[in-house]
Amino acid sequence: MEEEPSNSGSVPGSPPPVARPNLLTVLCILSLVNGGLTLISSIIIGSFFNQFVVIATDFAEKFKLPGMEMITEGSPVFFFVNALLYAASITGVVLMFRLKKNGFHIYTISQILLILAPMYFYHLPGPSIFDIILTGTFVMLYYIHLKLMKA
């Protein structure tokens with residue numbers, strides 16, 4: 001007697017599960033790697049801020065690196081806020097990986113706040129154009145997959 005092939009646990013009469021597109025998978029993996037590494041580094045820098053400032057100052061003087069004064073003039077609060085926003089971003093990515101539509105909204109809001117945070121904490125006149133382009137690209141690429149996601 002032959003066994004009938006299983007429907008891998010799907011309920012009879014329900015629509016077949018939506019397969020996650022490869023591009024969405026790649027986007028989620030890239031976002032998770034970036035968000036995870038930045039989350040960890042933000043927590044470490046915020047926790048050991050005074051020691052980090054000493055190291056960053058020495059490093060900047062030794063190698064004549066411009067822009068390091070932004071780190072040394074900042075506060076640990078910026079890095080903890082950054083960590084919180086990256087945790088939200090990672091949550092959004094995990095939800096999008098699971099094809100949940102609300103993940104897109106969480107991700108997008110946290111990314112916009114991540115662009116605006118340096119302007120608030122460092123009193124910058126505007127956001128980095130590189131951040132806008134990179135974030136905008138990822139948001140648009142996630143957006144094209146929004147129709148596949150469920151509420």
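Modeller: Buried means under 20% relative accessible area, exposed means over 50%, and partly exposed lies in between (1.4 Å probe, protein chains only). Phe78 and Tyr122 are both buried.

Colleague: What kind of model is this, and how are its residues numbered?

Modeller: This is a predicted model, where local features need pLDDT of at least 70 and side-chain atom pairs count only at pLDDT 80 or more, while totals for chains, interfaces and linings use all residues. Residues are numbered from 1 along each chain as its sequence is written, and side-chain values use heavy atoms, with hydrogens and water left out.

Colleague: How many helices and strands does the protein have?

Modeller: There are 6 helices and 0 strands. Along the sequence the pattern reads α-α-α-α-α-α. Of the 151 residues, 32% count as buried.

Colleague: How many aromatic pairs are there? And what makes two rings a pair?

Modeller: The whole structure holds 9. Rings of Phe, Tyr and Trp (its six-membered ring) pair if their centres lie within 6.5 Å; planes under 30 degrees apart are stacked, over 60 edge-to-face, the rest tilted.

Colleague: Why is the pair of Phe78 and Tyr122 called edge-to-face?

Modeller: The ring centres are 5.1 Å apart, so the distance passes. The planes stand at 65°, over 60, and the pair is therefore edge-to-face. Phe78 sits in helix 4 (residues 76-97) and Tyr122 in helix 5 (residues 102-122), so the pair ties together parts 44 residues apart in sequence.

Colleague: And why is the pair of Phe104 and Tyr143 called tilted?

Modeller: Their centres are 6.0 Å apart, and their planes stand at 50°.

Colleague: Phe104 and Tyr143: buried or exposed?

Modeller: Phe104 has a relative accessible area of 8%, so it is buried. Tyr143 has 54%, over the 50% limit, so Tyr143 is exposed.

Colleague: Which residues do ring pairs link into a cluster?

Modeller: The cluster consists of Phe49, Phe78, Phe79, Tyr120, Phe121 and Tyr122.

Colleague: How do you know that Arg20 lies over the face of Phe97?

Modeller: Arg20 is 3.6 Å from the ring centre. The rule asks for NZ of Lys or CZ of Arg within 6 Å of the ring centre and within 35 degrees of the ring normal. Arg20 counts as lying over the face.

Colleague: What makes helix 4 roughly antiparallel to helix 5?

Modeller: They pack at an angle of about 165°, with axes 7 Å apart. Axes are lines fitted to C-alpha atoms over the stretch in contact, and angles run from 0 to 180 degrees between N-to-C directions. An angle over 145 is roughly antiparallel (under 35 roughly parallel, 65 to 115 roughly perpendicular, the rest oblique). So helix 4 is roughly antiparallel to helix 5.

Colleague: Which hand has the crossing of helix 4 and helix 5, and which residue classes make up the contact?

Modeller: The crossing is left-handed: the near helix is turned anticlockwise from the far one by less than a right angle (clockwise would be right-handed). The contact of helix 4 with helix 5 has 19 nonpolar, 7 polar and no charged residues. Nonpolar covers Ala, Val, Leu, Ile, Met, Phe, Trp, Tyr, Cys and Pro; charged covers Asp, Glu, Lys and Arg; the others, Gly among them, are polar.

Colleague: How do you know that helix 1 and helix 4 are roughly antiparallel?

Modeller: Helix 1 (residues 22-47) and helix 4 pack at about 160°, axes 8 Å apart. That angle is over 145, so they are roughly antiparallel to each other. Their crossing is left-handed. Their contact holds 17 nonpolar, 10 polar and no charged residues.

Colleague: What is the phi of Leu99, and where does Leu99 lie?

Modeller: Phi is near 65°, positive in a residue other than glycine. Most residues other than glycine have a negative phi. Leu99 lies in the loop between helix 4 and helix 5. Its relative accessibility is 7%, so Leu99 is buried.

Colleague: Why does His123 count as exposed?

Modeller: His123 has 68% relative accessibility, over 50%, so His123 is exposed. Its phi is near 55°, also a positive value. His123 is in the loop between helix 5 and helix 6.

Conventions
Helix = DSSP H or I, 4+ residues; strand = E, 2+ residues; numbered from the N terminus.
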